[in-house]
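The tour goes from stop to stop; select each item as it comes up.

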Amino acid sequence: MKLLRTLSTSRLLILIAAVITLAVGGAAIAVAASGGSGPTPPPKPLADALHDSLAGPTPDGITARITFTNKLFPSGAITGQVGSALMSGASGRLWATNDGRGRLELQSNSGDVQIVWNDTDVTIYDASSNTVYRAKLPADAKSSTGEANSVPSVAKISEFLTKLGEHVSLSSAEPTNVAGQEAYTVRMSPKHDGGLLGAAELGFDASRGVPLRLGIYAQGATSPVLELAATHSSYGPVAASDVDVAPPAGAKTVDLGSLSRNGTDAGTDGHAQVSGLQAVQAAAAFPVVAPDTLVGLPRQDVRLVGNGDSKAAIVVYGHGLGAIVVVERQAKPGANSGVMGSLPEVSLHGVTAHELATQLGTALTWKQGEVSYVLAGSVPAAAAEAAARALG
């Protein structure tokens, strides 16, 4: 996580909107904290609160003790040992510098998870499976006028919030106190294409431009289903050794490619990625199934990520958080489904699939012929099952 003040105006404002998308999956790289007692800042319009927060003194870095809570999974949905701290919840620590580097470490009895990032890359190491996931972050375009280091004006922030308001409902900046720090909280709810997401709440330091609280809410829920909470936090210099940490050399590597929309971006191995249905079908070592529509949703994107045995085709249907994502890869003989293999079974035209239905969405995994499938979306179980059957 780069401290907000060092982001370009466009990237800063995209970060605000990106909170809405966190329910789709993936790790949220922000410090979170539940509200506490203590002094609160004066009431302000949201644009002014954001501007004044960013215009405050620049912290050299952040160190925090955190607790990650995950209430996504229904009781009994996953039998046996839960294999990842990201799935079961955990406690840990966070370190972040003011030059764009950081590390989030989650510790649990079933294995630690470590997320390390900088300006260009993010790495997630899951000790429970001894697997490291790598991805390229979108490039931060910087203007010749030094926009990347300037604080956006109240007018500029107001203009963006007005445009954002066409897609989401925004609350006012609610004064609060987070982990002993004066802060503001804003609540955002999608107006359309929101899937099962009800809202996202973001709390930020009133005077330092630092995110301090993040909660994700399902439709109709009064408490967050995902929360990253700081129990103690402090500002000050962070040693390079706290953020520049490499995963074990012998870990299995999965290349997730670039997180930008440009399908020609190079992966972490330096090779250009493949995008487009015909190109992906030609490059994949397995049959790629990608109909034009899926349960009424138009196909939006097809790309091939990874390399060697870890190659996978990713197909996206629909828009926004209501989209359905299908991941296809070469099935390995005798390979088990890991945690997903312990989930309830459903039948897809005679093929057995394993299903995980949560408050924020549904995931299915199955094998058909020489291809292994994972289908996920912020949709009810019945919709996900209908989409999976349509691929058969």
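Contact here means heavy atoms within 4.5 Å. The model is a predicted one.

Select Trp366 first. Setting aside neighbours within four places in sequence, Trp366 is in contact with Leu348, Val351, Thr352, Ala353, Val371, Ser372, Tyr373, Leu375, Ala388 and Leu391.

Now widen the view to the largest nonpolar core, which has 27 residues. Leu294, Ile324, Val326, Leu364, Trp366 and Leu375 touch the most other members. Colour the elements that each supply at least two residues of this core: strands 16 (297-305), 17 (312-317), 18 (324-330), 19 (345-348), 20 (351-357), 21 (362-368) and 22 (371-377), plus helix 7 (381-390). In general, nonpolar side chains tend to be buried together in soluble globular proteins.

Next, select strand 22. Five of its seven residues are buried. Strand 18 runs antiparallel to strand 22, joined by seven bridges; Val327 has Val374 as its bridge partner. Strand 21 is also antiparallel to strand 22, again with seven bridges. There, Thr362 is paired with Gly377. Zoom in on the hairpin of strands 21 and 22: two residues lie between the strands, and Gly369 takes a positive phi near 65 degrees.

Strand 1 (residues 61-70) and strand 12 (residues 226-235) run antiparallel, with nine bridges. Strand 11 (residues 211-218) is joined to strand 12 by three bridges, also antiparallel. Finish at Leu214, whose bridge partner in strand 12 is Leu228.

Key: Residues numbered from 1 in each chain as written. Predicted model: local features only at pLDDT ≥ 70, side-chain atom pairs only at ≥ 80, totals over all residues. Heavy atoms only, no water. Core = buried A, V, L, I, M, F, W, Y, C linked by side-chain atoms within 4.5 Å. Buried < 20%, exposed > 50% of the residue type's maximum accessible area, 1.4 Å probe, protein only. Helix = DSSP H or I, 4+ residues; strand = E, 2+ residues; numbered from the N terminus. Pairing = 2+ DSSP bridges.
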